[in-house]
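Subject: Structure handover

Hi,

Here is the structure we talked about. My notes follow below it.

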Amino acid sequence: MKIKKRIIAALLMLGVVFGWLSLGGGHALLSATSSTEFCLSCHSMEAPYKEYQGSVHFSNSKGIRAECADCHIPSQPLDYLLTKIRASKDIYHEFVTDKIDSHEKYEQHRGEMAETVWAQFRTNDSATCRSCHNQSAMETYDQSHDAQKMHQYGMANNQTCIDCHRGVAHLLPEVKLDSKAHEQLARQAQQTTADSREVFPAQVITMGGLGTINPATSLTVLASEGDNRKVQLNGFQLEGAEQVLYLAKGQRAIVAMLSEEGQKAVTAGTYEADEYGNKWRSATLVAQIDQPVLASREPLWSYAKQLDNVYCSTCHAKIPSHHFTLNAWPAVAKGMGDRTSISKDDLEILTKYFQYNAKDFATH
């Protein structure tokens, strides 16, 4: 009887020791492989580490540093284990396939890797972000006006942190719209028939020596022969800035830029002051154009939506055009466009799309 008790006690003791070694050793192993030092033991992590060193998560006025695991490994037990299991593929590619063992290969796969991480953040509602950042604890009055507005918009539309805060620690993938989209837009412009009575430039076009016309501007065709058209454009001029033709009084969407000759050719109305004391007058100009134009704005808006998807939505969740006013959109679009590789011409098209569909102009 005493022997059996001793055996049972010994087995229990062995079980405790084995369990302690298994759990303790497992925890130690998981912790060790979650350290920034362990991440850096892989040659391919040198590039993202240098990017991280230049971010606010590495160095800031508060002296708080978020390590690799703080952003990439959720603390919830199940998510933690699943993340560690998924990470085994990184070791496989590091030592077996050499998938990203050079700068060129890393850049080639940057977009794919970023999308994988962003998808994980969306699935777990940016759990690692929320382990440090709490929206209910935000002192919004200490934020810029735009930050306050975007946080309110995000909360109202059930967006998660990663929808807007991509690229906070690593460089964003370089994106470009497939040239086929622009080629298709050009083909549609070339198909516009000579009997079209209202046309719209698909890009900035010239009107002889009178100046240039911006994309999406409505032009009334007075006479045409092929691509040669005599057109009339209507707009408004602001006193002191007569070289600019605006969409409407007080609505600063630029439809045309006029040369001195163009300013002299304008048929203008009488200046009238708006509520801010700025003086505006109606302006009409008849000009000759010889470049392909569209019969509708729809192909241009379709192209603009593709630009939005590629250049805007790569960094943050899509912001609807009616979120800002017509006058606010140019500064917003330029500020965001400067952070991307979007061309000047494409940015102009995108800006016009936002302005013509802005919350205070979309019904016009």
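Why are Glu107 and Arg110 separated by about one helical turn? Because they are three residues apart in helix 7 (residues 103-123). Helices here are DSSP runs of H or I with at least four residues, strands are runs of E with at least two, and both are numbered from the N terminus.

Some ground rules. This is a predicted model, so local features need pLDDT of at least 70, side-chain atom pairs count only at pLDDT 80 or more, and totals for chains, interfaces and linings use all residues. Residues are numbered from 1 along each chain as its sequence is written, and side-chain values use heavy atoms, with hydrogens and water left out.

Salt bridges

The whole structure has nine salt bridges (a side-chain nitrogen of Lys or Arg within 4 Å of a carboxyl oxygen of Asp or Glu). Three of these pairs are described here.

- Glu107 and Arg110: the closest N and O atoms are 2.8 Å apart. Arg110 is buried at 6% relative accessible area, while Glu107 is partly exposed at 34%. Buried means under 20%, exposed over 50% and partly exposed in between, with a 1.4 Å probe and protein chains only. Glu51 joins Glu107 and Arg110 in a network of salt bridges.
- Lys352 and Glu348: the N to O distance is 2.5 Å. The two are four residues apart in helix 15 (residues 344-356), so about one helical turn separates them. Lys352 is buried, at 3% relative accessibility. Glu348 is partly exposed, at 22%.
- Lys89 and Asp90: the closest N and O atoms lie 3.2 Å apart. Lys89 is partly exposed at 42%, and Asp90 is partly exposed at 44%.

Nonpolar covers Ala, Val, Leu, Ile, Met, Phe, Trp, Tyr, Cys and Pro; charged covers Asp, Glu, Lys and Arg; the others, Gly among them, are polar.

The search used a 1 Å grid over the protein atoms alone. A pocket is an open set of points with protein on both sides within 12 Å along at least five of seven lines; a cavity is a set where a 1.4 Å probe fits but cannot get out; lining residues have an atom within 4 Å of a point. Points are joined across faces, edges and corners, and a volume is the space filled by probe spheres set on them.

Cavity

There is one cavity of 30 Å³ or more. The largest cavity has about 150 Å³ of space. Of its 15 lining residues, Cys312, Ala333, Met336, Leu350 and Phe354 are the closest to the centre. Helix 13 (298-312), helix 14 (329-337) and helix 15 each give two or more residues to the lining. Helix 14 has the largest share, five residues. The lining has 11 nonpolar, three polar and one charged residues.

Surface patch

Phe38, Ile91, Tyr92, Phe95 and Val96 make a nonpolar surface patch of about 520 Å². Such a patch takes residues with over 30% relative accessible area and no salt bridge, joining nonpolar side chains (Val, Leu, Ile, Met, Phe, Trp, Tyr) within 5 Å. Areas come from the Shrake-Rupley method with a 1.4 Å probe. Helix 6 (residues 88-97) gives the most, four residues. Val96, in helix 6, is exposed at 52%.

Best wishes

Note on methods:
Patch = residues over 30% accessible without salt bridge, like charges linked within 9 Å, V, L, I, M, F, W, Y side chains within 5 Å.
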